[in-house]
Amino acid sequence: MTIHSVVIQKLLSTNAHLSRRVVADHLKPYAYGVRNGMAVLDSDKTLISLRTACAFIGALARNNARFMFVNTNPLFDEIFDQMTKKIHLYNPNQNTLWRTGGFLTNSRSPKKFRSRNKKLCFAPPQPPDCVVILDTERKSSVVLEADRLQIPVVAIVDSSMPLDIYKRIAYPVPANDSVQFVYLFCNLITKTFLAEQKRFAKQDSIDAADDSSKIENSEEAKRVEESENVGVSPKDEVVVVPYESLAPISQDRPEAKELLEKLVVLKFNGALGKEMGFNGPKSAIEVCKGSTVLDLIVKQIESLNSKYGCNVPLLLMNTAKTNDDTVKVVEKYPNSNIVMLNTSDGQASENEAYPSDHDMVFLSLMNGGTLDVLLSQGKEYILVVGSDNVAAVVDPNILNHLIQNKLEYCMEVTPTTLFDTNNSILNSHQQKFQLAEIARNSNEHLADKFKLTDTRSLWVNLRAIKRLVDTDALKIENYTVSKGGKKDKILSPKTAAGSAIQFFDHAIGINVPQSRYLPMNATSDLLLLQSDLYTSNNGVLVRNSARTNPLNPSIILGPEFGKVSDLLSRFKSFPSIVELDSLKVTGDVWFGADVTLQGRVNIVAKPGMKLEIPDRAVLHNKDISDPIDI
């Protein structure tokens, strides 16, 4: 019996797989099936989620991070107390205190109230670096507040968890919150803490012994000095190579064809456009001159296959809700090599609710046998493209660099606005960055905390994935994280795919141009793409060369423009924004045809007032709140 089988049996003995009668749509990828009217969760996926959550907790524990453990279920009290005592987070003076609503957002001046059956272990007065919740259904307000403050949440979730709460949990663990499973979960957390504390203590004793001995060898002395200055392990940092330093692929067509024959592209296609009022997948929204997001990626691959005579397949990872609309789009490309992977067939997909999408890729490739098929076809690398980034590029130069240097893992990153402004050598020299310095999602409010942003385009060696799975290397104890002696605390869970990069021996990041990262999360992003600022060439978005400002204009649209249909109806035609710096529109505002926006433009319609911007109007540095201002 393998170790994996033993672990699965342990999970089954806790009834972790038995869930509720109702399975929410966003949790169906975690469901194995239904038996006797009860949903049965997939234990393999629960195990992956457990490993990912414990690895993240271990990384924080090594960096002396602050934790908040929340429990309001009296059945878990004894388990809860034992765990917090063993990991030295138990505080008898605060053990029976409960902070009411706003305990995170109002943490600067909290009020404390006594209450029965309410337990909160929160030793330091500062905001925590991580919140761990055992009974998520009871404490959805904690999840909302933690998300507002960008504090990562690790929580047990059941199959009926609402999407609004689920998508705010950075590390969800899908399981039945039985007493047995909660005990197992807390036991894993305890062992993770103790292992990190033991490792840290052992490293301290080694450092003390080294300091007391005299180093005679100059090379050894130099190595020790460098290790002390860095203060992090190689697995907790990544070397970022400037894109401009990559060698172009050979102009010899047969040689370039041989290179591209080793590539397969996987596109996540599970994100829905609900937040933009669009009834269907985001990939079906028209973004540039009649082309959808899906059209762009298909045209890119068709262009490569036509130019070099190669056969690069496209794998689309769909959900049940995105499959039908996707089929309608790809019907336009009967000659393209497009393979549909559906969650109904046991595959996984990326949704805005899935934070651990790369682990889902590995699992789906193995369970469906797709990985073995690709390897038998001579494929060596897979490019995994996120569902939100409209400007992702299938770049042969990156593939060539990975093959030439025998690299197993590569993430495409781009500098945040603030860091790019203050660092001029990033585009000319390679640098090392800690994973905690790489934001997983773009957020202008977090630009000062992160140096880079993960574009969600990931290159992985297929044989490396197979080696990891065949050797059962995807285990908690194989996560290596940095020592916290001289390193600042991890800033957020929104870091790039840190849980996956640690598995690979040869991993890098590539600093791609900012033009290759255009996430589409709101109608303001769609306005950018539909305007004259962008056109497409063989599926690649091209920025208007007439714009001199390297940054895109800042666009804020009011709730009247929140849906795609509202945006299309309120603009006769999309305005020219090549010379626009910022735009803010709120209220009942309607735009005519051929409008030009320049500089800073603010348009605010007062309640009950309708503002109509006439055809061919030119607004330059305008503040408009009345028709007379136009």
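Analyst: A residue is called buried when its relative accessible area is under 20%, and exposed when it is over 50%. Keep that in mind as we walk through this predicted model.

User: How many aromatic pairs does a search of the whole structure find?

Analyst: The search turns up nine aromatic pairs.

User: What makes the pair of F67 and F193 edge-to-face?

Analyst: The angle decides it. Their planes stand at 65°, and their ring centres are 5.0 Å apart.

User: Why is the pair of F571 and F591 called stacked?

Analyst: Here the planes are 15° apart and the centres 4.4 Å apart. Because stacked means under 30 degrees, the pair qualifies. F571 lies in the loop between α18 and β25, while F591 belongs to strand β26, so the pair ties together parts that are 20 residues apart in sequence. F571 and F591 are both buried. They also belong to a cluster, in which ring pairs link F561, F571, F574 and F591.

User: How do you know that the charged end of R570 sits over the ring of F561?

Analyst: The charged end of R570 is 5.4 Å from the centre of that ring. The distance limit is 6 Å, and the charge must also be within 35 degrees of the ring normal. The charged end of K610 is likewise placed over the ring of W590, 5.2 Å from its centre.

User: What makes T523 count as buried?

Analyst: Its relative accessibility is 5%, and the cut-off is under 20%, so T523 counts as buried. This residue lies in helix α17. Leaving aside neighbours within four places in sequence, T523 has contacts that include M276, L557, F561 and L567.

User: Why is helix α2 described as largely enclosed by the rest of the structure?

Analyst: Count its residues: 19 of the 20 are buried, so α2 is largely enclosed. Its span from first C-alpha to last is 28 Å, close to the 28 Å expected at 1.5 Å a residue. At the start of α2, a side-chain oxygen of D42 comes to within 3.0 Å of the backbone nitrogen of D44. Just after the helix, N64 has a positive phi of about 55°.

User: How do you know that the buried residues of α8 line one face of the helix?

Analyst: Those buried residues are A256, L259 and L260. Looking down the axis of α8, they fall within an arc of 90°, so they line one face. On the other side, P254 and E258 are exposed. The buried residues of α8 pack against β11, α9 and α13.

User: Why are the buried residues of α4 also said to line one face?

Analyst: In α4, the buried residues are V142, V143, E145 and A146. Seen down the axis, they fall within an arc of 170°, so they too line one face of their helix. They pack against β3, β7, β8 and α5. After α4 comes Q150, with a positive phi near 60°.

Methods
Residues are numbered from 1 along each chain as its sequence is written. This is a predicted model: local features need pLDDT of at least 70, side-chain atom pairs count only at pLDDT 80 or more; totals for chains, interfaces and linings use all residues. Side-chain values use heavy atoms; hydrogens and water are left out. Rings of Phe, Tyr and Trp (its six-membered ring) pair if their centres lie within 6.5 Å; planes under 30 degrees apart count as stacked, over 60 as edge-to-face and the rest as tilted. Helices (H or I, at least four residues) and strands (E, at least two) are DSSP runs, numbered from the N terminus. Buried means under 20% relative accessible area, exposed over 50%, partly exposed in between (1.4 Å probe, protein chains only). The expected span of a helix is 1.5 Å times one less than its number of residues. A polar contact is a pair of N or O atoms within 3.5 Å; within protein, one must be able to donate a hydrogen and the other to accept it, and residues adjacent in sequence count only if both atoms are side-chain atoms. The arc is that of the directions from the helix axis to the C-beta atoms. Contact means heavy atoms within 4.5 Å.
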